[in-house]
4 protein chains.
Amino acid sequence: MALWDKGYEIDREVLEYTVGKDYIVDSKLIPYDCRASAAHARMLHDIGILNQDELEQLLAGLNEIVELWEKGDFLIEQEEEDCHTAIENYLVAKKGEVGKKIHTARSRNDQVLVALRLFEKEALAQIRDRLDEFSRALPAEDETPLPGYTHMQRAMPTTVGMWMGSFAAAVDDDLMLVDAIVAVIDQNPLGSGAGFGIPVFEIDRDITTRELGFKRVQENPMYTQLSRGKFEAAILGVLSQIMFTMNKLATDLIMFSMKEFGFVKLPERFCTGSSIMPQKKNPDVLEIARANYHVVLGHELAVKSLMGNLISGYNRDLQLIKEPLFATVETTYQTVRIMTRVVRDLSVDREKCAEAMTEELHATEEAYKLVKEGTPFRDAYRKIGERFSGGE
Amino acid sequence: MALWDKGYEIDREVLEYTVGKDYIVDSKLIPYDCRASAAHARMLHDIGILNQDELEQLLAGLNEIVELWEKGDFLIEQEEEDCHTAIENYLVAKKGEVGKKIHTARSRNDQVLVALRLFEKEALAQIRDRLDEFSRALPAEDETPLPGYTHMQRAMPTTVGMWMGSFAAAVDDDLMLVDAIVAVIDQNPLGSGAGFGIPVFEIDRDITTRELGFKRVQENPMYTQLSRGKFEAAILGVLSQIMFTMNKLATDLIMFSMKEFGFVKLPERFCTGSSIMPQKKNPDVLEIARANYHVVLGHELAVKSLMGNLISGYNRDLQLIKEPLFATVETTYQTVRIMTRVVRDLSVDREKCAEAMTEELHATEEAYKLVKEGTPFRDAYRKIGERFSGGE
Amino acid sequence: MALWDKGYEIDREVLEYTVGKDYIVDSKLIPYDCRASAAHARMLHDIGILNQDELEQLLAGLNEIVELWEKGDFLIEQEEEDCHTAIENYLVAKKGEVGKKIHTARSRNDQVLVALRLFEKEALAQIRDRLDEFSRALPAEDETPLPGYTHMQRAMPTTVGMWMGSFAAAVDDDLMLVDAIVAVIDQNPLGSGAGFGIPVFEIDRDITTRELGFKRVQENPMYTQLSRGKFEAAILGVLSQIMFTMNKLATDLIMFSMKEFGFVKLPERFCTGSSIMPQKKNPDVLEIARANYHVVLGHELAVKSLMGNLISGYNRDLQLIKEPLFATVETTYQTVRIMTRVVRDLSVDREKCAEAMTEELHATEEAYKLVKEGTPFRDAYRKIGERFSGGE
Amino acid sequence: MALWDKGYEIDREVLEYTVGKDYIVDSKLIPYDCRASAAHARMLHDIGILNQDELEQLLAGLNEIVELWEKGDFLIEQEEEDCHTAIENYLVAKKGEVGKKIHTARSRNDQVLVALRLFEKEALAQIRDRLDEFSRALPAEDETPLPGYTHMQRAMPTTVGMWMGSFAAAVDDDLMLVDAIVAVIDQNPLGSGAGFGIPVFEIDRDITTRELGFKRVQENPMYTQLSRGKFEAAILGVLSQIMFTMNKLATDLIMFSMKEFGFVKLPERFCTGSSIMPQKKNPDVLEIARANYHVVLGHELAVKSLMGNLISGYNRDLQLIKEPLFATVETTYQTVRIMTRVVRDLSVDREKCAEAMTEELHATEEAYKLVKEGTPFRDAYRKIGERFSGGE
C-alpha cells in the first residue's frame, strides 16, 4: 500500500513504469532513512507530539528494520514504490497506531532528501579514504628515468616518480573538491515538508540537525527542492574529476605496458586472456577503469540534462537521479580501490626505461647549454633542431 | 572456468571489477548466442569439421540451454564472465569432447558481435511495432479547436487533431530512421574471428548469413570491430529520437492537464498521490516518460564518449556498451507502450478548450483579412497589433 | 527595424542577449532564404496575390541580395536580429511598397525552417562528396603485413589493406546514414506559417515544393515546428558517426607513427614543432581531428538537451541550435577533407611493419593447425598457450 | 613565423585546420600572457639571465602590446598560430636580439597554462560579483501568497519571497563552489616548461608566483599538464551549476508570466514580437537564458569527453578546450547580468496571485489540524483526501 493510497486502484502497468527499479534501488537508502526517521521521532517527542512510550516503540521498530536490512531480510514491495513507504508500513504493521504517527509533520520528500543527503556524505567520506590510500600507494619517489611524451612523441626526460607524483598531486586537488562539495551539501533538509515548510506544527529543525550531524539547517523549504538534482549534479561533477584522474593513469599504463614500450608490467594474475589467441595477456582491468570514466560522464549528463527546464517544486523526474548517482558512487569507489592495487603491484622495468632514454630527449637541454654560453634561445633552438632534422 | 583459462588464478577483485554485472546482464543474449552457435555448428558440419552426430549433439545441447533459459534456470557464474563462456561450458559438461569443438574457427568476439546484432534487429522490430500501435492510438481526427502556443504564449488557433497528428508525423519519420539503421546493421559479423579473420580453416560465411537471416556478410573483419560501438551509437541515436517524440508529448500533456489549462485529463487510475497532501493526483507517468528521454541521452553520450580515442581492434572498454544499450532498448519500448495507453485513455475537455479560444488567437487572421482587402501585410500587422497593445 | 516592430523600444541589453551572434551566424542562410523567398513570391503570383510586375521586382531584389552577399557586402544589423528581417528590410528599402508584400502568407518561422532545410540538404550533399573522395584515397589494396592489435596488445596478423579497408567499409555505412537522413528531411516546411498553417489565404504548397526541389510537402504545420531541433539532432547524430570514423583513423595513425611503432609516416610538411624542443615533429593535424569528434559530441548533446521538456509550438530556445549545427557541418567537412589528404600522402614503412610481425601473432594459426590434425580446439589452445607463457 | 619554425613550409590547409580559430580566439589571452611574460622577464633578471636594460626593453615592449591590444590594434596572424607566438614576434621585431631571449627557460605550454589560469581567476571573480548583484536584486522579502506546485499541480501555499529566496540560497551555494574552484586552481604553472620542468637553468618559481598573485607553486611539472583540461572541466562544472540556477528561474518566470497564470509580468521593453502574429509579446530573453544552460552543458561535455583516453603529457587536443571555456564564461556572465535586470524590473500581480490561492492548497493544513486534535496522520490524510476526490 502506498503512502498516498486513496482507495482507487492504480493501473498495474503505470505502477511498474513509474516505480521502475526504485523498489530495488532504494534498498541502499534504508539505514539512512531509519536514522533520519529516528531523529524525526525524537524531535516529535521533544515538541510534545509523541509521548515517551510512543517514541520508544518507533525507535525499536526502526532498529528492527535496520537489523532485518543488514541480514538482507527487509524487502520493498513494488506496490510500496520506495523504501520510505516500506518503512512506514512496517511500523504500522508491527507497532500499530503509533506507526501512523511517524509521518506527522513530514513528507516523503523530506525523507528522500534527508536519506540521500546522509548517504551522500557517507559515500564521499568513504571515497575520500580510498583516495588517500591510492595516493599513498603511488611510487612517487622512484627516480628511474623515463621518456616524457608530448603529442605522443618522445619529448624530454622525466622520471617514474615525477610521473606517479603527478597523480598524487591530482588527487590532492580532487580531495579539495570532495571537501568543498561536502561543505556545500552539509545542510539538513528535514523539516521542509513537501518543499513549502510544515504548517500548523511548530517543528524544531535544530534538533534533527544536531541529531543527524549536519552543519546547518537548509532554511528555505523551496531551496531544498531546488537543491535536489543540483547537489547530485555537483557531486557527480566531483566524482567525474576523480574518474578522470583514474582514466589518465589507466591510459598511461595500458600504453606503457605494451610490448613496444615495456616500461611497466602488470602482475599476471591481474590480466585476462583471449578465447581464441593462446598467447594473450590483456590489461582488461585498466581498460574497464578507462571506460568507466565515460560511463560516469553519461550519468552526469543524464542528471544535468533531466533537471533542466523544470519549474520549481518537486517533479517526479528527479526520482531518476538516484540510479545514476548510486551507480557512479559505486563505480568511483571500486575504481579507486582497484587502481590502488594496480599501482601497488606494478613493476617498473628499469632496463626498458633506460633503453628508451634516447638522445633526442636531451635536445632542449643541449639548446639551453648553448644559451648559457651566450646564444639567444631562438637561435640555439634552430641550431639544435638542424641536428635532428636529418635523422627523423 | 573462463574460455581463456591459462592455469593461473586471476585476482578475485580484478575479476569482479572487470566482469561487473556482465554475468547478469548477458542473460539477455543467451537465446541469440544459441541461435548463432547453432548456425556456426551447421556451417562447421557443412565444411567437414563436425560430423553429423557431433552436429546433432551440439544442436541438442543448444536447445537445452534455450529451454533452461526460458524457465529462468540457465545462470551465468561470475567466473564464467559472460554468456558465451557459460554456453561453451555447458556443452562441454553435458556433451563431452564435442563441446570443445564448438569454438573451432570462431572467437568470443564473433559470439558477442553476432548475438548483439541479432538482439538489436529483434529489439528494433519490436519497437517498430509499438510505434505503429502508438501512432494508431493518437486521436488525429479530433477537430476540437485548441489554442496553439508559441513562446508558451497563445498564438493561433489549432485543433486537437492537428496537435496529435504532429506526433503521428513524427513517428512516421522515426520509423524511417528505424528502417535505415536496421538496413545498416543487417550484416553478418560471424566469421570475423577476433577481428582479423579466421586463419587455416576455410569457413563459409554465406552459410551462417543465410541461416541467421542477415542481408549480407560484413566482409572486412577489422570493420566488424570498428562497427562495435559505432552501430550501437547509431541505434541509440535513433532511440533517443523516439524518446524525444515521447518527451514532447509528455511535456504537452503535463501542462495541458494542469488545472490552469484543463484541456485534457488523465484517467484517475493513471495518477499517483502525495504522502502529505491529501488532494493531489499527479501525472507521474508523464513525468517519468519526460525524464527518461534524458536518461537515454546519458546512455547515448556514455557510449559515444567511451568509444573515442581508441585504436582499431577490440578494446575491453566496448564491453561497457551493453548495459546502456539494453537499458535504452527497454526504456524506449516501455515508454512507447505506456504512452500508447495514455493517449488511448486521454479525455479531451471540449468546454475548457472552447473557453481558451480567446480573441487574440485570431489576430493573424484579422491582419490577413485586411491584406486581402489591399493593405500591405506589414501595415496590416501594425494596425492589428495596436488593437492588442493596450489590453495585454 | 525588426519584423515585429511595435513602436516601443526594446531594451538594448535584452536585444544583444537574445540576438546573440545570430546577426553574424545567419549570414550563411542568406542565399537559401533568398531562394525560398523567390519560390514563395512565385507562388504568391500564381495564386493571384502578386501581379507580374510585383513578382519581377521582388525577384530582382532577391537577386541583388545574393549578389551583394557573394561579394561580402550584405550585412545584417544587430537590430534586424536575423537574415530574414534583413532581407525583407532590403526589399522594402529598395523596392518600396511591394517589399512589404513578400511576407504575405508566411512567417519568419517559415523562413528559418525552409532556409535551414535547404542549407542542410546542400551541406549533406557536399559532405557526401568529401566522403566518397576520402574513401577512394584509402590504400585499401596494400598487402603489407601488419600486426593486428586487441586490448592494445599484438594479437594476429593483418595487412595495411585490411586496416585501411575497414575505414572504407565504415564510410559505406556512413553514407547510408547520410542518405537516410536526407530522405527524412527532404520535405518542404514552407507554408506552415507560425506552426499552425496559414489562415484566409489559399496558398499552394505544391508550387514551392516543386520550385525548391523537395521530395514532398511537410503537411502537418505543427510537425514542422516539432521537427525543428529533431531533424537537426538527427543530422548531428549522422555527422558524429562520420567524425567517429575519422577519430578512429586519427587515433590509429598517431600511435602507428610513433617512433616505437613506425609503421606509417606523415609527410614533414604536415607536422608542426615545439617552441622549446628543437627535435619535435608533431602530428597536430591528427590530434585536432581526433579531438574534433568530441567537440561535435558536445554540439550534438547541446542540441539534444536543449530541445527537451519544451511544449509544442515554437520556443525561442531553438534559435540556439543554429550555431552548433553550422559549426558541426564545417568541422565535419574540413576534417574529412584534411584526412583525405593525410591518407593520400601517408607513407607505409614496410621494413618497420615486417620487423613487428613477431611470432606470437601466429599463435592462433598454430593452434588451428593442431585442431586440423585432430586436437579439440580448447586443448590445442592450452597447448600453444603454454609455449608463450614463459616468454612473457 | 611560428615559434617552432624549422625552415620547411607547413602545408597551408594543415595550418588552417590545426590553428582553427585560435588566432582570433586567443586575442582574449593577450593581456594575461603579457602579465605573465613580464613576471617571467623579471625572474630571468633576478637570476641573472637578463640585465637591467634588457628587462626594461622587454617590459616596455609588453606594455606596448597591451596598449595596442586595448585599442584593438594588436592582431594575431594565422601563421603565428596563437597569441604566444605573436607576442614573441612583436618583441623580436621591435626590440631586436633581446626579444629572442624572452623565451629562455620557458615553453609555449608554460605561456598557455599561466595565461589561461590568470584569465580564469579573473573571470570567476567577475562572475562572483555578478552573482552577488543578482542575489541582492531578488525580492526575497515579498510576502505575497503564491501557490506552490509539485508535479506541476497546485500543492501548498508559499510566498513570492520564499520562492525568490530559494534562488538566493542557491546562489549562496554557487558562490561556495566558485570559491572552492578558485582555491583549487590558484597555483602557478609557470616554470613547468613543456611539462617536464626546466633543465640547465635554475629558475625561481617563487618569484613569478609572488609577482602574479598565485597562492602557491604548482610543483609537479607533469601535473601542470595533467591539470590542463581537468581544471577547465571543473570550472565548467561550476559554471553549469550557476546556469542551472538561472535555467530554473527562467523556467518559472516563463510559466508564471503566461496568461493562464499571470503571477508575474515582464516589462514590455524586455519582450519581443512575432513577424506574423500582431498580438504577441514574447519572453525571448527568458527562453534564451533557459536554453543557454544546455549550450553550456554541451561545452562542458565536449571538454570532459575530449580529454579522456589521452596519455600524460601535452596533446594538441587540449587546444580545443579554449573555445568552449571562453564561450561558457561569456554566456554565464551575460546570463547572470540579464537575469539580474529581469528580477529587478519584474512586477508581481498580487491580484492574480490571490485568485490562484484556491482551497485545495490548504488540504495538508486541514489534515494537520485533525492530527492536532488527536487523529493519527494517515487517517486524517484519508479523511481530507475524500473531500477533494469528488471535485477534481
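Buried means under 20% relative accessible area, exposed means over 50%, and partly exposed lies in between (1.4 Å probe, protein chains only). By that rule H151(B) is buried, because its relative accessibility is 6%. This is a predicted model, where local features need pLDDT of at least 70, side-chain atom pairs count only at pLDDT 80 or more, and totals for chains, interfaces and linings use all residues. Residues are numbered from 1 along each chain as its sequence is written, chains are lettered from A and ligands numbered from 1 in the order in which they are written, and side-chain values use heavy atoms, with hydrogens and water left out.

**Overall build of chain A**

- Chain A holds 14 helices and six strands. Helices (H or I, at least four residues) and strands (E, at least two) are DSSP runs, numbered from the N terminus.
- The radius of gyration of chain A is 28 Å, while a compact globule of 392 residues would have one near 21 Å. The radius is taken over C-alpha atoms, and the globule rule is 2.2 Å times the number of residues to the power 0.38.
- Along the principal axes, the C-alpha atoms of chain A fill a box of roughly 90 × 55 × 40 Å.
- The domain assignment of chain A, from an automatic or database source, gives domain 1 (12–101), domain 2 (120–200 + 213–355) and domain 3 (361–388).
- The centres of domain 1 and domain 3 of chain A, taken over C-alpha atoms, lie 73 Å apart.

- Of the 392 residues in chain A, 70% are buried.
- Contact means heavy atoms within 4.5 Å. Among contacts in chain A with a separation of 6 or more, 77% join residues 24 or more positions apart.
- Chain A exposes about 12,200 Å², and carbon and sulfur atoms supply 47% of that area. Accessible areas come from the Shrake-Rupley method with a 1.4 Å probe; for residues, only the protein chains shown count as cover.
- Chain A has 46 positive and 64 negative charges, and their mean positions are 4 Å apart. Lys and Arg count as positive and Asp and Glu as negative; His and the chain ends are not counted. Each charge is placed at NZ of Lys, CZ of Arg, CG of Asp or CD of Glu.

**The loop between β1 and β2**

- Most residues other than glycine have a negative phi.
- M152(A) is not a glycine, yet has a positive phi of about 55 degrees. M152(A) sits between β1 (145–150) and β2 (153–159) of chain A. M152(A) is buried, at 7% relative accessible area.
- H151(B) also is not a glycine and has a positive phi of about 55 degrees. H151(B) lies in the loop between β1 (145–150) and β2 (153–159) of chain B.

**Residues to look at**

- P145(A) belongs to strand β1 of chain A. P145(A) is partly exposed, at 44% relative accessibility. Beyond its neighbours within four places in sequence, P145(A) contacts T158(A), T159(A), C353(A) and M357(A).
- L306(A) is in helix α10 (residues 284–306) of chain A. L306(A) is buried, with 1% relative accessible area. Leaving out residues up to four places away in sequence, L306(A) touches residues including D317(A), A291(B), H294(B) and N309(C).
- M277(D) is in the loop between β5 (264–265) and α10 (284–306) of chain D. M277(D) is buried, at 2% relative accessible area. Apart from residues up to four places away in sequence, M277(D) touches residues including T150(B), Y381(B) and A194(C).
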